[in-house]
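Subject: Structure handover

Hello,

Here is the structure I promised you. Please open it next to this email and follow along.

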Amino acid sequence: MSLPHPQLDRDGRLQHFLDMDGLSRETLTEILDTAETLAPVGERRVRTVPLLRGRTVANLFFENSTRTRTAFELAAKRLSADVLNIDLVSSSTAKGESLLDTLRVLEALQADMFVVRHPQSGAARFIARHAAPSVAVINGGDGQHAHPTQGLLDVFTIRRHKPDFTQLVVVLIGDIVHSRVARSDLAALSILGAAEIRVVGPRTLVPADVTALGGRFMPNLDEALVGADVIMGLRLQRERMQGAAVPSSGEFFRHYGLTRERLSLAKPDAIVMHPGPTNRGVEIAGDVADGPQSVILEQVTAGLAVRMAVMSMVLGNRAASNAA
Amino acid sequence: MSVHDRTTVDGWLAAMVGPLTDFVVEHPDTAFIGIRRGGVDVARLLHRRVAPDAPLGELDIAFYRDDFGTVGLHPTVGPSLIDFDLHDRALILVDDVLGTGRTVRAALNELFDFGRPARVLLAVLVEREGHELPIRADVAGHRLAVPADHYIDFDAAAHEVRIALR
C-alpha cells in the first residue's frame, strides 16, 4: 500500500521533515538557499530573528544525543521560539501507548513542533502520523533510517566548497549499514545530481542495496580515493552492531582509516568531513581531522543554519495553508 | 497603467538630494541602507549623488515581516549586507515606495539587531497614501494618492515608475 508521503502537502511543500523521500532538487535548493541567508545571523550583534516568536518547539529525545539536541535547541532559539527539552531516554523502551500519551500531553501544552530522535527506524514518521494535525514533526534521527538535517548540513557544507554537484566525486567510508547519516547523505547527494558516490567499507558494513541508494561499492579505499572531491568518514556504531561485524578498531583503521598518506590520493583540494563524534585512530587520523582539508567544525556551524531554515519553512508553509 | 518617465523620476531624485546632503553635512558619519529590492536601487542612486564615500548597506527583511503567520516565509534573495558598524551612526534608510509602513517597521526592527543607530532618516522615492502604521517619510521624491488596488513599481533599469492595477 502506498500512502501519499506524509511530509508534503498537495503542492509538494514541506509540512514535516522526516527524510529525503519525495523531495525535489528545487525544494532542497530552496532549503539550502534559505539556510545560506540565515547563516550570517550568527555573526551579528543580536543572533536571533523573530520568525518563530511565540511558537513552541519540543525536543523529544528517545536516544542520547548532546550534539543534535543542542543544535536543534540553539537553532530554535535563534528563531526566537520557546524550546522544551524532553528527555525520554529513560523510557526508551516505552510501548506505543505511552508514546502516544506523551504526544497528547505535549499537544496539550500547545507545542507547535516536535523534533524527534529515536532509536527505532520509522519513529519520526509514526509520530508525524499520530500527532495532532497542528503539530509539525522534524526527524532528528531515527534508528538506521534517516537523519535528514544531517544530510542537509552535509550538502550545505559541500556546496560552499564545491558548488557544482554534477562534477562531484564523493567517497563515503566505513559503517554505512548502521548509518542513517549515510542514507540521508546518499539521498541528498543523489537528488542534487552528484556525479559519483563511492561507498567503501567492509562488506559486512555496506548494505546490499547500496546501488539502489545511489552509491557504488568499492572494496579498496586507496582506489576509491583517487579523484575524490569530498571524503566523508562515518562513525563506527558499535552500539548498533550485533556480533563481530568488525574484527577490531586497529584492523578497521588499517584498512579504512583516513590517514594523511591516503588523503594525498584524493584531489589536492578535496574536503574531509565527518558527522561526529569522531573516533580518532579508528575512522580518521587526528592530524587529518584537525588538518587544513577538514571541514568538520564547519559542518557543526552549518547545522544551525539548515535547521533554522527547515523549521521556519515547515512552520511557515503550515501557517500559509491554514490561512488560505 | 501609467508611467512616470526617466525625466520625471530624475526630478524626484533631484528633489531629495538637497535635504539629504544637508543631513550628511550635519552627520558626517552617515551611512546609507537600502531595503531590498527596490530600495537598494534607489539607495545606490542617492548614495552616488549625495555621499559616494559613505558606507552603503542592503537590508533583506524576509525574516522580520509581520505576515509570517499568514503567508509563511518569503523567498529570500540573500543575507542582509551591512559590513560596517552601524552602532551610534546616523543612517539614511531608503526604500522605493512607502505605503502601509510595514516594510519600514520590519526594517527598523532588523536594523536594531545589528546595533543601535544614533538616528535614522527615512527617504523614499514615492510616498503613497494608505499608511497603516505611524511611519512617514522624512524625505520623499514625490507624494501621491493611488487606489488601494494599484501598485507602484520602480524599474531601475528603465529608470521609470509604473503604476498599475494589482
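Which domains does the domain assignment of chain A give? There is domain 1 (25–146 + 301–317) and there is domain 2 (148–295). These bounds come from an automatic or database domain assignment.

Some ground rules. This is a predicted model: local features need pLDDT of at least 70, side-chain atom pairs count only at pLDDT 80 or more, and totals for chains, interfaces and linings use all residues. Residues are numbered from 1 along each chain as its sequence is written, while chains are lettered from A and ligands numbered from 1 in the order in which they are written.

**Confidence**

The predictor gives the complex an ipTM of 0.88 and a pTM of 0.92. Chain B has a mean pLDDT of 95, and 100% of its residues reach 70 or more. Here pLDDT is the predictor's confidence in each residue, from 0 to 100. Within chain B, helix α3 (residues 68–71) has the lowest confidence, a mean of 90. Strand β2 (residues 31–35) of chain B has the highest, at 98. Helices (H or I, at least four residues) and strands (E, at least two) are DSSP runs, numbered from the N terminus.

**The two domains of chain A**

The centres of domain 1 and domain 2 of chain A, taken over C-alpha atoms, are 26 Å apart. In chain A, 19 residues of domain 1 are in contact with 18 residues of domain 2. Contact means that the C-beta atoms of two residues, placed from the backbone, lie within 7 Å. On the domain 1 side, α1 (25–38), β4 and α11 (296–323) of chain A each supply at least two residues. That side divides into 8 nonpolar, 7 polar and 4 charged residues. Ala, Val, Leu, Ile, Met, Phe, Trp, Tyr, Cys and Pro count as nonpolar, Asp, Glu, Lys and Arg as charged, and the others, Gly among them, as polar.

**Strands of chain A**

Strands of a sheet pair through backbone hydrogen bonds, either parallel or antiparallel. Two strands pair if DSSP finds at least two bridges between them.

In which order do the 4 strands of the open sheet in chain A stand? The order is β2-β1-β3-β4, with parallel pairing. β2 (82–87) and β4 (136–142) of chain A are at the edges with a single partner strand each, so one side of each has no neighbour in the sheet. Strand β3 (residues 113–118) of chain A is joined to β4(A) by 5 bridges. One bridge partner pair is M113(A) with A136(A) in β4(A).

Now look at strand β8 (residues 230–233) of chain A. Both of its faces are covered. V230(A) and M232(A) on one side are buried, as are I231(A) and G233(A) on the other. A residue is buried if 20 or more other C-beta atoms lie within 10 Å of its own, exposed if 12 or fewer, and partly exposed in between; C-beta atoms are placed from the backbone. Strand β5 (residues 169–173) of chain A runs parallel to β8(A), with 4 bridges. There, L172(A) stands opposite M232(A). Strand β9 (residues 271–273) of chain A is also parallel to β8(A), through 3 bridges. V230(A) has I271(A) in β9(A) as its bridge partner.

**Where the chains meet**

The contact takes 15 residues from chain B and 17 residues from chain A. On the chain B side, α3(B) gives the largest share, 4 residues. That side has 7 nonpolar, 6 polar and 2 charged residues.

**A loop in chain B**

Is E129(B) buried or exposed? E129(B) counts as exposed, because it has 11 C-beta neighbours inside 10 Å. E129(B) sits in the loop between β5 (119–128) and β6 (139–144) of chain B.

Best wishes
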